[in-house]
Amino acid sequence: MTRKQAREEAFILVFEKGFNDDSLADILSLAKEVRDIETDDYINRVFFGVFENIEKIDGIISKNAVGWSINRISKTALAILRLAIYEIEFFDEIPISVSINEAVELAKKYATKEDASFINGILSTVAKAQNNAD
């Protein structure tokens, strides 16, 4: 599985958790059973990592989504943002520009054109803050 495919699977899992109160392990197990997905280190790290760090990630989203509350952001856009911000914050080996580009591509596939622009804007702001912190 390519990183792009793994990222898409991770996004779907993060998205599913937005509608499901089951444990992360149960969601992952069901996805393996129903969708027959093969998980890899990336998928496991991202899926569990997003929710282990959800308060920090959602804080970053809230800080940078000026005029928007988390509850107003579509579940699709929110899942994409959570995944991308997790990558930006916790994956030094993935260039920030790649995380942003892949998030925008996911938005174009699964969300709206407006969501893609919204996600790009938030992630660009996050990236600038990350670069200034380094």
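**Briefing: a predicted all-helix chain**

Glu 9 is found in helix 1, where helices (H or I, at least four residues) and strands (E, at least two) are DSSP runs numbered from the N terminus. The model is predicted: local features need pLDDT of at least 70, side-chain atom pairs count only at pLDDT 80 or more, and totals for chains, interfaces and linings use all residues. Residues are numbered from 1 along each chain as its sequence is written, and side-chain values use heavy atoms, with hydrogens and water left out.

**Overall architecture**

- The protein chain holds 7 helices and 0 strands, and its pattern along the sequence reads α-α-α-α-α-α-α.
- The radius of gyration of the protein chain is 14 Å, close to the 14 Å given by the globule rule for 134 residues, so the chain is as compact as a globular protein of that length. That radius is taken over C-alpha atoms, and the globule rule is 2.2 Å times the number of residues to the power 0.38.
- The C-alpha trace of the protein chain spans about 40 × 30 × 25 Å along its principal axes.
- Of the 134 residues in the protein chain, 47% count as buried; buried means under 20% relative accessible area, exposed means over 50%, and partly exposed lies in between (1.4 Å probe, protein chains only).
- Among contacts (heavy atoms within 4.5 Å) in the protein chain between residues at least 6 apart in sequence, 68% join residues at least 24 apart.

- Ile 85 belongs to helix 5 and counts as buried, at 0% relative accessibility.
- Leaving aside neighbours within four places in sequence, Ile 85 is in contact with Ile 57, Ile 60, Ile 61, Leu 123 and Val 126.
- From C-alpha to C-alpha, Ile 85 and Asn 20 are 21 Å apart in space, and 65 residues separate them in sequence.

**Glu 9 and its partner Arg 35**

- At 18% relative accessibility, Glu 9 counts as buried.
- Not counting residues up to four places away in sequence, Glu 9 touches Arg 35, Ile 37 and Ile 43.
- The side chains of Glu 9 and Arg 35 meet in a salt bridge (3.1 Å, N to O). Arg 35 lies in helix 2 (residues 24-35) and Glu 9 in helix 1, so the pair ties together parts that are 26 residues apart in sequence.
- Arg 35 counts as partly exposed, at 30% relative accessibility.

**Other salt bridges**

- Side chains of opposite charge can pair when their charged atoms come close.
- A search of the whole structure finds 10 salt bridges, each defined as a side-chain nitrogen of Lys or Arg within 4 Å of a carboxyl oxygen of Asp or Glu.
- Glu 93 forms a salt bridge with Arg 45, with the closest N and O atoms 3.1 Å apart. This pair links distant parts of the chain, 48 residues apart: Glu 93 is in the loop between helix 5 and helix 6 (96-110), and Arg 45 is in helix 3 (residues 41-52).
- Glu 93 counts as exposed, at 52% relative accessibility, whereas Arg 45 counts as partly exposed, at 34%.
- Glu 89 forms a salt bridge with Lys 56, with the closest N and O atoms 3.3 Å apart. Here too distant parts of the chain are linked: Glu 89 in helix 5 and Lys 56 in helix 4 (residues 54-64), 33 residues apart.
- Lys 56 counts as partly exposed, at 44% relative accessibility.
- Salt bridges that share partners join Lys 4, Arg 7, Glu 87 and Glu 102 into one network.

**Lys 17, a buried charge without a salt bridge**

- Lys 17 is placed in helix 1 (residues 3-17).
- Lys 17 is buried yet has no salt bridge, and the nearest side chain of opposite charge, Asp 21, is 5.3 Å away. Lys and Arg count as positive and Asp and Glu as negative, while His and the chain ends are not counted.
- A polar atom of the Lys 17 side chain lies 2.7 Å from the backbone oxygen of Asp 22.
- Not counting residues up to four places away in sequence, Lys 17 touches Asp 22, Leu 24, Ile 27, Phe 47 and Phe 51.

Methods:
Polar contact = N/O pair within 3.5 Å; in protein donor to acceptor, adjacent residues only side chain to side chain.
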